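My notebook is open and the viewer is loaded.

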There are 2 protein chains.
Amino acid sequence: MLTQIKEAPIATPIDRLLATTADDMAKVNALILSRADSHVKIIPELARYLIESGGKRLRPMLTVAAAQLFGNGNGNGNGNGNGSVINFAAAVEFMHNATLLHDDVVDESDMRRGKPAARIVWGNKASILVGDFLLGQAFMMMVETRDIDSLGVLSAASAVMAEGEVFQLSKTGDLTTTPADYAAVICAKTAVLFQAACEVGAMAGGADAAGRQALARYGLELGNAFQLVDDALDYGRQAGTLGKNTGDDLREGKMTLPIILALADGTEDERSTIAAALGDAEASAEQVAAVVAILDRLEALPRTLAQARNHARAAQHALEALPESELRALLSDVVEFSVLRAY
Amino acid sequence: MLTQIKEAPIATPIDRLLATTADDMAKVNALILSRADSHVKIIPELARYLIESGGKRLRPMLTVAAAQLFGNGNGNGNGNGNGSVINFAAAVEFMHNATLLHDDVVDESDMRRGKPAARIVWGNKASILVGDFLLGQAFMMMVETRDIDSLGVLSAASAVMAEGEVFQLSKTGDLTTTPADYAAVICAKTAVLFQAACEVGAMAGGADAAGRQALARYGLELGNAFQLVDDALDYGRQAGTLGKNTGDDLREGKMTLPIILALADGTEDERSTIAAALGDAEASAEQVAAVVAILDRLEALPRTLAQARNHARAAQHALEALPESELRALLSDVVEFSVLRAY
């Protein structure tokens with residue numbers, strides 16, 4: 001086992017996670033393709049366009065890896081897994097993609113994963129309805145496992161995610177948004193699905209209550225770290241990277257932590273500069289650059305990333321409740337890597 | 001029992017269904033209100049605006065009545081119901097309302113149930129996301145029953161409904177749409193939820209396989225009849241009735257049976273008149289009147305309603321597999337009434 005890792009010393013943790021979960025993920029991917037099918041041909045066209053557009057499938061990989069951690073990852077084994085991990089992993093990916101379809105309509109996003117968003121190609125209407133279809137299929141796959149407890153975890157996540165999206169929408173352009181509001185938004189809209197993905201994986205793998213709780217916590221903290229990094233990157237990278245343009249969140253009026261911190265600590269003039277650009281879809285590159293300069297002066301991005309690192313450490317700490325193993329170490333490295341991508 | 005009916009001879013079947021299900025529906029309504037709640041205040045505002053806007057709650061009433069038919073309607077009784085009928089009825093109503101919210105965005109509808117649509121008051125974005133929230137809450141209520149078989153019925157309905165909506169969208173303004181395409185659309189987008197509502201009610205009431213099948217068939221045929229009548233009424237009533245304006249479907253390019261029949265049997269000129277107005281949001285009242293005149297000449301509305309009556313008879317026929325009872329007779333009368341509303 002150790003040899004295997006030494007043979008590929010430059011592989012990133014994500015590459016290693018891909019390799020470790022490859023067998024199960026092949027089944028997950030086959031299931032995803034078959035369940036995105038329909039006699040209504042827009043459905044597979046749109047769904048596959050999105051699903052095959054180069055997302056890493058981090059969430060279903062986490063489900064698979066969490067199950068493996070408890071010994072029942074391959075879905076053909078003993079224990080109470082019985083193949084359910086494959087269904088849950090595919091369901092998690094469908095839930096994620098349904099959310100992306102609806103989010104892109106709500107955010108009026110033009111790009112997703114480096115290419116035109118589905119709503120640009122097929123329109124908002126099809127994006128809304130195909131999102132609904134994917135969500136329905138996700139629940140069907142879950143029901144097939146007959147595992148009502150895992151269904152409970154994922155159905156609760158589904159409601160909480162939507163609630164978080166509405167909360168975020170209600171805070172759009174709201175200069176009084178607090179760091180606590182932001183924390184509630186990212187927990188609900190992002191971290192809860194990471195949590196559920198890891199938790200149902202652990203459950204399918206036959207984890208006991210402590211194991212299930214450890215993985216749930218791991219997923220939650222990883223998800224929070226992931227979103228904080230994403231929100232910092234929105235201001236920190238050149239156009240084109242991540243398929244997004246710097247300042248998209250600003251133009252959409254999204255109240256992410258860098259902006260919240262800058263509004264709290266900036267001068268009157270700085271606040272005015274931010275407020276003028278915030279939520280203005282037509283804000284110029286110069287306006288965005290001026291806001292980024294304010295964020296720089298106030299160290300808003302490093303402070304945001306420091307919070308991401310806190311969550312990352314909490315995720316790693318949660319794993320320490322479990323017996324040491326190569327896979328446990330890998331899951332810890334995945335956290336490290338998800339934060340490092342900001343540098 | 002007979003006396004009771006004689007005391008209120010002019011009550012419509014819907015009034016009688018309301019009276020018969022009143023106790024359970026009070027619980028359903030309380031559950032609906034509590035589950036539409038959230039710390040994010042747009043959610044209860046928008047959800048209650050829609051839910052309390054005078055819909056008849058026909059679908060959850062059918063769930064409750066179906067359970068009563070098999071003796072376990074009150075949700076506190078014996079058998080395998082154990083209160084699950086209340087959860088399923090509320091979940092069915094949430095699924096229906098989630099669909100309405102998304103449909104109104106997709107159809108760009110301005111009115112719903114005689115008042116401005118939620119999307120006009122709170123915007124498309126909130127309507128999409130609150131719809132997602134209601135769907136998530138619906139699944140949570142279902143999971144609480146721990147009845148995986150009923151969950152299977154409703155999750156399948158959820159996917160099929162979305163698939164039907166996408167199919168309908170893909171046929172918008174498509175002059176080659178066939179009566180079979182239309183039948184597939186209304187079955188998926190409308191009848192399948194009526195079917196599921198009745199089926200899970202029967203299951204919660206402790207029905208055997210034959211009883212479950214009878215109620216599923218009853219719901220399916222009633223739903224088909226219901227939608228056919230709705231689609232005829234869209235061309236057959238004065239503005240204001242039903243909160244819709246005559247010709248809305250025409251302006252939206254919706255390929256309903258009256259239009260499909262007229263396109264098949266009309267003259268070249270008539271087809272051109274229809275094609276010119278179809279899908280034109282700005283089509284004038286004169287254009288709509290011209291199309292209605294064509295429908296009249298070709299008897300497209302009576303022919304549509306004849307199909308509705310066929311489905312209605314099939315719904316009533318499905319009930320005949322069950323022992324005679326007052327409630328069975330009432331469910332039969334409900335079918336009659338749902339078709340009669342067209343006259």
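I began with the crossing of α10(A) and α11(A), and I find that it is right-handed (left-handed would have the near helix turned anticlockwise from the far one by less than a right angle, right-handed clockwise). I noted that α10 covers residues 179–204 of chain A and α11 residues 209–236 of chain A, with axes that come within 7 Å and cross at roughly 145 degrees. Helices here are DSSP runs of H or I with at least four residues, numbered from the N terminus; axes are lines fitted to C-alpha atoms over the stretch in contact, with angles from 0 to 180 degrees between N-to-C directions. The contact residues of this pair divide into 16 nonpolar, eight polar and two charged (nonpolar is Ala, Val, Leu, Ile, Met, Phe, Trp, Tyr, Cys and Pro; charged is Asp, Glu, Lys and Arg; the others, Gly among them, are polar).

A word on the source: this is a predicted model, where local features need pLDDT of at least 70 and side-chain atom pairs pLDDT 80 or more, while totals for chains, interfaces and linings use all residues. Residues are numbered from 1 along each chain as its sequence is written, and chains are lettered from A and ligands numbered from 1 in the order written.

Next I looked up Phe226(A), which sits in helix α11 of chain A. Is Phe226(A) buried or exposed? Phe226(A) is buried, because 23 C-beta neighbours lie inside 10 Å (buried needs 20 or more other C-beta atoms within 10 Å, exposed 12 or fewer, partly exposed in between, with C-beta atoms placed from the backbone). Leaving out residues up to four places away in sequence, I see Phe226(A) touching Thr190(A), Phe194(A) and Ser338(A) (contact means C-beta atoms, placed from the backbone, within 7 Å).

Last, I checked the chains: 35 residues of chain A contact 35 residues of chain B. On the chain A side, α9(A) gives the largest share, 14 residues.

How values were computed. Helices (H or I, at least four residues) and strands (E, at least two) are DSSP runs, numbered from the N terminus. Two residues are in contact if their C-beta atoms, placed from the backbone, lie within 7 Å.
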